[in-house]
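Hi there,

Here is the structure I promised to pass on. Have a look at it first, and my notes follow below.

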Amino acid sequence: MEQTVQVDDKGVTTELTGDLWSTVLTQLDEVAERLQLDPGIHAMLRQPERELTVAVPVMMDDGHIEVFTGYRVQHSSARGPCKGGIRYHPEVNLNEARALAALMTWKCAVVDVPFGGAKGGVSCNPRQMSEAEICRLTRRYTAMIMPILGPRRDIPAPDVNTNPQVMAWMADTVSMLEGSSVIEVVTGKPVVLGGSLGRNEATGRGVAIVVREVLRRLGRPVEGTRVAVQGFGNVGSVAARLLQEMGCRIVAISDVSGGLRNSRGLDVAAIAHYLGMHRRALLADYPADDAERISNEELLTGDVDVLVPAALEHQIRADNAAAVQARIIVEGANGPTTRQADDILNERGVVVVPDILANAGGVVVSYLEWVQDLQRFFWEEETVNARLEAIMQRSLHEVWEFSQAHQVPLRLGAHMLAVRKVAEAIQTRGIFP
Ligand code: NAD
């Protein structure tokens, strides 16, 4: 289903967000036309290189066998081994994996790390499973997709509902079956198992760097800039804390339970500390005497300079994009802005830094982890952060200059640059045989 707009009998316009894979293909077609891409290469990029669907039988704690369905899609290996996360969620399906794999191809190209794109996952509800069941699911799924994995073939990482522990089980499963240590087959691992210092904070840190650099380019001071952050998880909480350290005023934050607002600035470190101390606590539980409670909708449309959506996809839509007051949006989440909303924001002159650039810090430090693993030589956190900083700055510069030169919004510019790099790699390799 394509993205489309529906008008109900009261004349209210709502947007059907549609299938992400259709959106990705529509975007690719537009980019291909603008770049006058070779039709053969365009056709290659419209189809993932390899797709694997696997049955994952798991012995559940009560002794019965449950069969889950898992996927691994490799969209393109033209620029290097495939790279992308593993998602455990009831809505995981082949089209979602295709779309997210293609977005990983573009993301790795935008930040110029030598990877192609992949994505995978298992359709399951991890919230209803014990840790032991998730461990057995992970090990069987890993064994089933292992024929196409490898440090020089395809390197998974965490995504929604997977974490460093799941990566540790994957690395161990591959190592046991190969009979040798292959920890470099996944990234986002615990530090004791070859993970990189700085990986946990990398995406939020990248988002904060992008906000600071965009402000600089627009000639605006970082000090006192009013920022709202939607989502207070791994990406949102780190971005908010680092932006506050840089001098920004974090005037609103939210999570699934709602938001907090204080026009003088919230104490992000204290809030993060509270949530860290109280497992499963949400912002609604935080005793915020000096802050006003707001809804997520109010957070998105509040009076701020910069908005960082860092929660879920499809948050800024045709029905609320016109009300967004921020003049700068930096997409911490994947796909937080729908196509129609993007058009509205572009017409209004809002600067939108797209997800494939803004949240690429995670894959950049995954790349740095892979490099350290292959060398068996590990760096100090300052070295990792400095390299992340340099790569994010260079990538933003490239996308900014390219978009200005071609007079296109940053999202289109980033996608054009990415597709051009992948196409050049395909052309340079030639078509096998
Ligand atoms: P997370 O699970 O740590 O945090 C998600 C946050 O969003 C939580 O605070 C949650 O309460 C909040 N949330 C959930 N539903 C919400 C709703 N309806 N309204 C408002 N807030 C809501 O996840 P994360 O790792 O921080 O990822 C957030 C986004 O960033 C996702 O789109 C993810 O794909 C993307 N992303 C993450 C990384 C990474 O390295 N973690 C890298 C690239 C992109």
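Please keep in mind that this is a predicted model. I started with lysine 83, which you will find in strand E5, residues 82-89. Lysine 83 is buried but makes no salt bridge: aspartate 154, the nearest side chain of opposite charge, is 7.0 Å away. What the side chain of lysine 83 does reach is the backbone oxygen of proline 156, at 3.4 Å. The charged end of lysine 83 also sits over the ring of phenylalanine 115, 6.0 Å from the ring centre.

That brings me to the aromatic side chains, where the count comes to four aromatic pairs. In one of them, the ring centres of phenylalanine 115 and tyrosine 367 lie 5.9 Å apart with the planes at 85°, so this pair is edge-to-face. The two residues are 252 apart in the chain: phenylalanine 115 is in the loop between helix H3 (94-110) and strand E6 (116-123), and tyrosine 367 is in helix H12 (residues 361-375). Phenylalanine 115 has 1% relative accessibility, so it counts as buried.

Tyrosine 274 and tyrosine 286 make an edge-to-face pair too, at 5.2 Å between centres and 75° between planes. Here tyrosine 274 belongs to helix H8 (residues 268-277), while tyrosine 286 lies 12 residues away in the loop between H8 and strand E11 (292-294). Both of these tyrosines are buried.

Best wishes

How values were computed:
Residues numbered from 1 in each chain as written. Predicted model: local features only at pLDDT ≥ 70, side-chain atom pairs only at ≥ 80, totals over all residues. Heavy atoms only, no water. Helix = DSSP H or I, 4+ residues; strand = E, 2+ residues; numbered from the N terminus. Buried < 20%, exposed > 50% of the residue type's maximum accessible area, 1.4 Å probe, protein only. Lys, Arg positive; Asp, Glu negative; His and termini not counted. Salt bridge = Lys/Arg side-chain N within 4 Å of Asp/Glu carboxyl O. Polar contact = N/O pair within 3.5 Å; in protein donor to acceptor, adjacent residues only side chain to side chain. Phe/Tyr/Trp six-rings, centres within 6.5 Å; stacked < 30°, edge-to-face > 60°. Lys NZ or Arg CZ within 6 Å of the ring centre and 35° of its normal.
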